[in-house]
Amino acid sequence: MTQTASIPLFSDRVLANLKAPDATNDSNLVVKGDTMQCDETDEIFPVINGIPSLFAPSPGEGIEVTERVRSFYEENPFPSYEGLEEFGELVSKGHANPFSKSLLDAIGYNKTILECGCGTGQLSHYLQLNNNAVLGIDMSLASLGLAIQHKQQNDLKRVSFAQMNIFNLAIKENSFDVVISHGVLNHTFDARRAFGLIVRMLKPGGIILIGLYNRPASLPILIRSKLIGLFGSHIDFFVSNRIRDKKKAKIWIADQYYNPHETWHSVDEVMEWFNENEISYLNCSPAILGTDGEETTDMFAETSPGTRYQREVTQLSWLGTIAREGALFDVIGKKKPAHV
Ligand SMILES: C[S@@+](CC[C@H](N)C(=O)[O-])C[C@H]1O[C@@H](n2cnc3c(N)ncnc32)[C@H](O)[C@@H]1O
């Protein structure tokens, strides 16, 4: 057995939070050689090319959308790596990126983190710094394959990955300190329903960060997709300014302009989802203009959501900023304590 092959599939802190997709919160998953077994029903789950597979559909799910999106990301694992990337290179890129660095700082130390729709796993790898234990789940085996390859090549033990469906998670409720889903729910058949499911995995008092495509920015992206069809992908800001690797650039263009299913959302819509799910608003990234969110350096600080008018103006201003690079905005909230 090679050194890399001996890295456990899951860290102990993550394994304690898992269960089979349809099992109760009191059951556990037991790793048995190359499989996993539910201690309640004895159901066995396979490990496919090193990836624990706990994927299951859910009743009433828009299976047609889930299937189309899954096969798109099997062909286009996103965001992919720039060639052969070392963990040190990934960490220095993460530190240089204001979003990921602020997120790591705000999370702090020794936390359990669930990333729903981790894609090829870069953010999950980065966030296992500071002794955090991270679980990245996704439905694309191709994406998870790249994530696990990076984990094994760099001997990373606090990050774990599994194939799961957001609509039928193999995770115990109230189990993680932080839940993140960045640019994912907008590729599901029902983002609101998906949100209601992922927040259940959060401990009371835990933090949710949800990143979605912003609605006003859909128009420039639609126009750009037509122009790219005519003039080629070099007119995309991200491709011409940021990405060095040709394969990664191709995957970015497919994800941005040829995605089989995407929806667009507003800050107010996310605030409604927060209200429906006992989540209190903390902050928004980029910040709501004219609020204390513009001054704070702590991403998880409790800031004012501003007025509806301020939020509308802020989102229009994003046409000149985030709309160039995918139009993702993140809203951060806190699950209310159980006794409130
Ligand atoms: C645009 S990628 C985002 C990847 C990563 N979060 C990032 O920001 O780079 C969307 C990911 O969501 C995953 N996804 C979409 N629907 C899902 C579902 N129902 N269950 C699990 N993963 C899903 C896709 O497989 C894909 O990897």
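These legends describe close-up views of a predicted model. Local features are described at pLDDT of at least 70 and side-chain atom pairs at pLDDT 80 or more, while totals for chains, interfaces and linings use all residues. Residue numbers start from 1 along each chain as its sequence is written.

**View A. Helix 7 and its cover.** Helices (H or I, at least four residues) and strands (E, at least two) are DSSP runs, numbered from the N terminus. In helix 7, residues 191–198, the buried residues are Ala191, Ala194, Phe195, Leu197 and Ile198. Buried means that 20 or more other C-beta atoms lie within 10 Å of the residue's own, exposed that 12 or fewer do, and partly exposed is in between, with C-beta atoms placed from the backbone. These residues lie on the same side of helix 7 because they cover an arc of only 165° around the axis; the arc is that of the directions from the helix axis to the C-beta atoms. An α-helix has 3.6 residues a turn, so residues three or four places apart point the same way. The cover over the buried residues of helix 7 includes strand 5 (112–116), strand 8 (176–182), strand 9 (202–213) and helix 11 (267–276).

**View B. The largest nonpolar core.** A nonpolar core is a set of buried Ala, Val, Leu, Ile, Met, Phe, Trp, Tyr and Cys residues joined through C-beta atoms within 7 Å. The largest one has 77 residues, and Val179 and Ile198 have the most contacts inside it. Strand 9 gives the most to this core, with seven residues. Apart from this core lies another, of six residues, among them Val69, Phe78, Ala249 and Ile251.

**View C. Strand 8 between strands 5 and 9.** Six of the seven residues of strand 8 are buried. Strand 8 runs parallel to strand 5, joined by three bridges, and parallel to strand 9, joined by six. Two strands pair if DSSP finds at least two bridges between them. Leu114 stands opposite Val179 of strand 8, and His182 has Gly211 of strand 9 as its bridge partner. Residues touching Val179, leaving out those up to four places away in sequence, include Leu114, Cys116, Ile198 and Ile208; contact requires C-beta atoms, placed from the backbone, within 7 Å.

**View D. Strand 7, enclosed.** Five of the five residues of strand 7 (159–163) are buried, so the strand is largely enclosed by the rest of the structure. Val159, Phe161 and Gln163 lie on one side, and Ser160 and Ala162 on the other. Strand 6 (133–138) pairs with strand 7 in the parallel sense over five bridges. Ala162 of strand 7 is the bridge partner of Ile137.

View E. The order of the strands is 1-2-3-4, with antiparallel pairing. Strand 1 (29–32) and strand 4 (51–52) stand at the edges, each with a single partner strand, so one side of each has no neighbour in the sheet. Strands 2 (35–38) and 3 (44–48) are joined by three bridges, and Gln37 stands opposite Ile44 in strand 3.

**View F. The shell around the ligand.** Of the 21 residues around the ligand, Tyr73, Gly117, Gly119, Met139 and Ile166 come nearest; a residue is near if its C-beta atom, placed from the backbone, lies within 6 Å. Helix 2 (63–75) gives the largest share of the shell, three residues.

Methods:
Two residues are in contact if their C-beta atoms, placed from the backbone, lie within 7 Å.
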